[in-house]
Amino acid sequence: MRYVRKITEEQVEHLREVSRRSRNYRERERAKAILLSYKGYNVTVLSDIFEVSRGTITNWLDAWEERGVFGLKDLPKMNNNSLNEKSLIYN
């Protein structure tokens, strides 16, 4: 089973603060999921609580482990408008 195991008291306090006060709903949900994982809730239970897929929970946990508090933030979205004109010109 997958859980968040290593977390400092400072990180716990930060996650609590984010889960209560962030203006971003997704950040609040991610912070709550990390805290519950640390308390021993597994991925399947978390996916039921937050009504998302197990893969989404796994992504949240991976982001936390890789980027810490920055992993709570949304990554920038890529779109087709990001292609430049030169990449569309054929020689």
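Which residues of the largest nonpolar core touch the most other members? Leu15, Ile34, Ile57, Trp64 and Leu72 do, in a core of 17 residues. Please keep in mind that this is a predicted model, in which local features need pLDDT of at least 70, side-chain atom pairs count only at pLDDT 80 or more, and totals for chains, interfaces and linings use all residues. Residues are numbered from 1 along each chain as its sequence is written, and side-chain values use heavy atoms, with hydrogens and water left out.

**Overall layout**

- The protein chain has four helices and zero strands, where helices (H or I, at least four residues) and strands (E, at least two) are DSSP runs numbered from the N terminus.
- Along the sequence, the pattern reads α-α-α-α.
- Of the chain's 91 residues, 31% count as buried; buried means under 20% relative accessible area, exposed over 50%, and partly exposed in between (1.4 Å probe, protein chains only).
- Among contacts (heavy atoms within 4.5 Å) between residues at least 6 apart in sequence, 54% join residues at least 24 apart.

**The nonpolar core**

- A nonpolar core is a set of buried Ala, Val, Leu, Ile, Met, Phe, Trp, Tyr and Cys residues joined through side-chain atoms within 4.5 Å.
- In the largest core, which has 17 residues, at least two residues come from each of helix H1 (9–21), helix H2 (25–38), helix H3 (43–50) and helix H4 (54–67).
- Leaving out residues up to four places away in sequence, Leu72 touches Leu15, Val18, Glu27, Arg30, Ala31, Ile34 and Trp64.
- In soluble globular proteins, nonpolar side chains tend to be buried together.

**Ile57 and Ser47**

- Ile57 lies in helix H4 and is buried, with a relative accessible area of 0%.
- Setting aside neighbours within four places in sequence, Ile57 is in contact with Val43, Leu46, Ser47, Phe50 and Val52.
- From C-alpha to C-alpha, Ile57 and Arg30 are 8.4 Å apart in space, and they are 27 residues apart in sequence.
- Ser47 belongs to helix H3 and counts as buried at 8% relative accessibility.
- Not counting residues up to four places away in sequence, Ser47 touches Val52, Ser53, Arg54 and Ile57.

**The aromatic pair**

- There is one aromatic pair in the structure: Phe50 and Trp60 sit edge-to-face, 6.0 Å centre to centre with 75 degrees between the planes.
- Phe50 is in helix H3 and Trp60 in helix H4, so the pair ties together parts that are 10 residues apart in sequence.
- Rings of Phe, Tyr and Trp (its six-membered ring) pair if their centres lie within 6.5 Å, with planes under 30 degrees apart counting as stacked, over 60 as edge-to-face and the rest as tilted.
- Phe50 counts as buried at 11% relative accessibility, and Trp60 counts as buried at 15%.

**The largest pocket**

- About 250 Å³ of space lies in the largest pocket.
- Its lining has 14 residues, and the closest to the pocket's centre are Arg30, Arg67, Lys73, Asp74 and Leu75.
- H2 and H4 are the elements that give two or more residues to this lining, and H4 provides the largest share, seven residues.
- On a 1 Å grid over the protein atoms alone, a pocket is an open set of points where a 1.4 Å probe fits, with protein on both sides within 12 Å along at least five of seven lines; lining residues have an atom within 4 Å of a point.

Notes
Grid points are joined across faces, edges and corners, and a volume is the space filled by probe spheres set on the points.
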